[in-house]
Amino acid sequence: MLEEKNRWEEKPVEVAFNSITKRFPPDILANNQVSFEVKKGTVHALLGENGAGKTTLMNILYGLLLPDEGEIIIRGKPTKISSPREAINLGIGMVHQHFKLIPTHTVSENIVLGLTSTPFFFPAEKAEFEIKSLSEKYGLKIDPRARVWQLSAGEKQKVEILKALYRRANILILDEPTSVLTPQEAEELFATLRAMKEEGKTCIFITHKLNEVKEIADVVTVMRKGKVVSTTLSSQVSLEELARMTVGKEVISVVPRKITSDKTILQLQEVSAMGDRDFPALLNISLTVRKGEIVGVAGIAGNGQKELAEVIVGLRPVTKGHIFLEDREITNLLPRDIASSGVAYIPEDRHLGLVGEMSVAENLLLRGYSQPPFSQGFWVDWEKAEAYSEKLISNYQISPPLSDIPVRILSGGNRQRVVIARELERKPKLVIASNPTAGLDVSGVEAIHKLLIKAQEEGAGILLISGDLDELLKLSNRIVIMFRGEIVGEKEKEHWTEEDRREIGLRMGGVKR
Amino acid sequence: MILELILGTLNRALAYGTPLLLATLGEICVERAGVLNLGVEGMMMLGAFSSFVVAYVTSNPWLGILGGAIAGGLFSLIHAFSSITLRANQTVSGLALTMLGTGIAETLGRNWEGKVLSSPIKPFSEDFLSLFPPGVRTLFRDSNLLVVGSIILALVLWFFLFKTKPGLSLRSCGENPAACDALGINVWKVRYMAVFGGGVMAGLGGAYIAVAYRPAWSSGMTQGMGWLAVALTIFSFWNPLYAPLGAYLFGALFHLAFRLQVFVAPEILNSLPYLFPVVALVFVSRLAFRKKIGVPGSLGKPYERGEWE
Amino acid sequence: MDRRKFTRFHIEVSVQPSLASVIFFSLLAIILAFACGGIIFLFYHISPWVGYQTFFQGALGSWYAFSETLKRTIPLLLVGEGLALAFRAQVLNIGAEGQILLGAVAATWVALFSGLPPFLLLPVMFLLGFLSGAGWALIPAFLKTRFAVNEVLSTLMLNYVASNLVLYLIGGPWKGKGVRGFTYTDTFPEAAWLKTMGITRVPYFTLLVGIVIAVGGYFFLKKSALGFELRVVGSSPETAKLLGINEEKIVFLAMLLSGGLSGFAGVGEVAGIHHLLRHPDHISLGYGYTAIIVAWLARANPLATILTSFLFGALLSGGDALRVSLGIPFQVVSVFNGLILFFLISTEHLSRYRIIWGDTKVVENYDS
């Protein structure tokens, strides 16, 4: 072990962060005196929760943001990186969490885009040969002439990595790369990273998943609330220690409640629907949700989950099949009628559920403004609305507790509370929650989970769509797995095991037993 | 005989459609980079006025054309500044550009009202045309170098956009500026240049009217052609290769409306060129916007780096 | 050792710009526009000082000037508050110019050709004028909701059509009997004239209606359920769709109100000032376009259009004074309009910035 440590210390330093501080006005300190070193030819994990400042730090390294204080030292030289172009010239490549690809362009057009060495005429066509040889070398199989919108998330990520390699990147930053991948695709990614390491390239790997750190990283730097907690060899630190360092406090975990009733709330019978690009997105989906039950929908993003939520709440036409709420058919009814018959919807995109420019009070009233007690007809009784929103703000602990501020100045977690307060306060029979905790910090996630469980206890049926398998295992009574618009598996359990996790992971990736 | 009539109509369509084509190509270039410029009418008007003044003073129509192009380009930079640098509302900024351009041209143009150019750009000479077969001769009877040049420009712009490196950058900035920024493309520079190029082409369109098509100054001489160009941009699905089709179709309709004046009141016929684009938009808008054919992905959206909202 | 630099101040992006900063930047925009527009005077060999003196004399320098300003304020107010409502719904109606003309055409038909008893003339003129303006605006509303046709283009094209329609009517079927070579209609019967205030040419009925609607529009937006829906559609169409708000209904409503009020303003112009139908450029001095800026400067707040329409009424009568006294074409108003609009939208972002003195705080939760 000591030997390993020595080997690590002998390696030359590729990147050093020296007291980096970054503020976002008015009062957010995203990075606070961050200092650590990344050695050449290693995979260096940057571990931390959402909001720990990992992405901000990497955006600084990539020249997207300038630090307020501190400096970056690359191969021994203090360097000011004020644009991505300078970063690229320094051999830095970045694979962002949200791919920065242009869907209507081809793979090779995306790869050569912005490169100074590209020939003036026929830039994309002339690059195809080199792209092919690179993809063979690093195991990134992709057709350079394919249009990006036709590719899966895993394939898009390969394009992003090829883009960096084509630019002769020596330092590759990957921002939560596995969040869009199946476990099997993640294995392929790790193989690519190992191949890169062999070539002497350096990878900085942003993640919040502990086991990934142990699996792929040589060194790990843990960040919390903008500060570095520690930098150690990943072989010399246990999972428990890592967990303690990232979170900083005990996580209260919730166990799924038992189902109290056999009454069916939601029933889908062989439902099919089209996606945005006139391509079938849902194929013969049959599904039930019972009273007081949380049904989790597992799957890699883009396998029909979004469309599933949309057909139930009436935002997307059903082309075939039937949807029943209790005994009443709600297939292709207007969204408003479905909502008023007792369906609450927590959309994935929080911009969808809220009107940013409008006040908290107005946002809380978005469902009820035209009905008693708030309106008897033409006018809205704003005094009643005000009192109602004060009540909800305190019940759901929305902070800051002000009803007249525009909702877009709230933090992500509080914005989500506004949506949930509005939707759950109507005592719905059915809740459709689509990635309700995406992008929230630990305490925010916990609060949202508690609210969902409270709704479950009050007898609502909940359809929980989530890309985070751990979240589903924590909350669901039953899990269905979606792949390419179909339900490819279903499991009901009181306690979920590591074996279940593995099996669901395989099915999410389309592997059948 | 019928062929002769068709060729005759097409001849006028070429002459009338050319300013439309130039302005449309300019707007395609701007919108492909993600900027919506509704100030085409203002840029054309200012281009027309500048070119007329330069041509009148120097007695050289080609200097006039150059003046119109430069004026259109420089004037468009106001829109570039407000919509790219200051991230102002692009629709309103374009409207302001139109108000300002027509306002300046008409206010300063008062002293030039009714003046006629002594040396306008002339159609191809008979000697030159006699080198070609009779059909071609009829077709290009009223054309000049600018007409042919604008057709070539359409081809060049298509090749530029789809087969060259800067063209790829320009289209990419219109689709996903954040991605371009991350790759080290200077989105602001690309968009500024696209807007400038669009302004030059709109200015050329205006100059063609004032120096070649109707070589005399009168206020309001662009007759809303700038707006037609904005509609034609949609009509051609943002593809320079389709732009001539649309522009000459409208040119032909203008000509036919003129020919029909014997039978119908001119005011009603004069309305037709403005009704046609609305009807045309009815047919293509749904296809373009709902199915997203050709529409640049971030058209009209200002780009700001590092928005963490 | 304290390595941290102490920040004395920072620039804050406030979410809601304060009223003071909105007013400051609006005034700044107008002043900058005038400073730039002064160059125009130099082309006419007039000192900007003399130019502006003439301008302000003509706009507000006397009771007569004031009444001329008020006369032009009325159509701007009516059209501007309609556009404010439309802009709130993100419906960009640029066709007010044509909708004004349609109102004027309808009023002329009622006044000259309907044969209604005199006491009914004015009420029917206003009613039909409102409906014609609204009907003209519903065409683009229909095309937008049904065929996704961009309303900026369609409303604008219809302006040219409306203008040609008026030209056709005054030169053809409605040409006055005693006007010989000129092209305008006969004068309306006096029962179709609006009463004006004293010896001025300011009809008080339309002024009153304008003010009432400004107040009503303000409460409609702020307090009514329909106004609430309109604001939701305007600020977030996706959310509106999710909530099941009928977006098409809102687009129709916005077009109906803005077009109707423009038509109403058109009736006011022919019944209150001209008493006949004449060349489109004389009926509307570009009110439809100027009102866009009136609404924009008022930040789409109907109540604030009372103030902004007066401001632009003054601009128009100042421009008229420049034409009469100094021989500068009236289109100079268009230059000022364009400049003001530019500076206005350009400073809009700036008005959100505020300089905050003092140190920065540290906040623990931050979604990166």
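A polar contact is a pair of N or O atoms within 3.5 Å, where within protein one must be able to donate a hydrogen and the other to accept it, and where residues adjacent in sequence count only if both atoms are side-chain atoms. By that rule, nine residue pairs are in polar contact between chain A and chain B (both at pLDDT 80 or more).

This is a predicted model, in which local features need pLDDT of at least 70 and side-chain atom pairs count only at pLDDT 80 or more, while totals for chains, interfaces and linings use all residues. Residues are numbered from 1 along each chain as its sequence is written, chains are lettered from A and ligands numbered from 1 in the order in which they are written, and side-chain values use heavy atoms, with hydrogens and water left out.

**Stop one: chains A and B.** Select B:Arg171 and A:Glu109, which form a salt bridge with their closest N and O atoms 3.0 Å apart; the count between these chains is two such bridges (a side-chain nitrogen of Lys or Arg within 4 Å of a carboxyl oxygen of Asp or Glu). Helix H3 (84-89) and helix H4 (107-112) of chain A are the elements that give two or more residues to the side touching chain B (helices, H or I, of at least four residues and strands, E, of at least two are DSSP runs, numbered from the N terminus). Widening the selection to the whole contact (heavy atoms within 4.5 Å) takes in 35 residues from chain A and 23 residues from chain B. The buried area is about 2,400 Å², meaning the accessible area (1.4 Å probe) that two parts lose on being put together, summed over both.

**Stop two: the sheet in chain A.** Select strands E12, E11, E14 and E15, which form an open antiparallel sheet in that order (two strands pair if DSSP finds at least two bridges between them). The edge strands are E12 (280-290) and E15 (328-329) of chain A. E11 (residues 264-274) and E14 (residues 320-325) of chain A pair over five bridges, and the partner of A:Gln269 in E14(A) is A:His322.

**Stop three: chains C and B.** Here 43 residues of chain C are in contact with 48 residues of chain B, burying about 3,900 Å², 76% of it on carbon and sulfur atoms.
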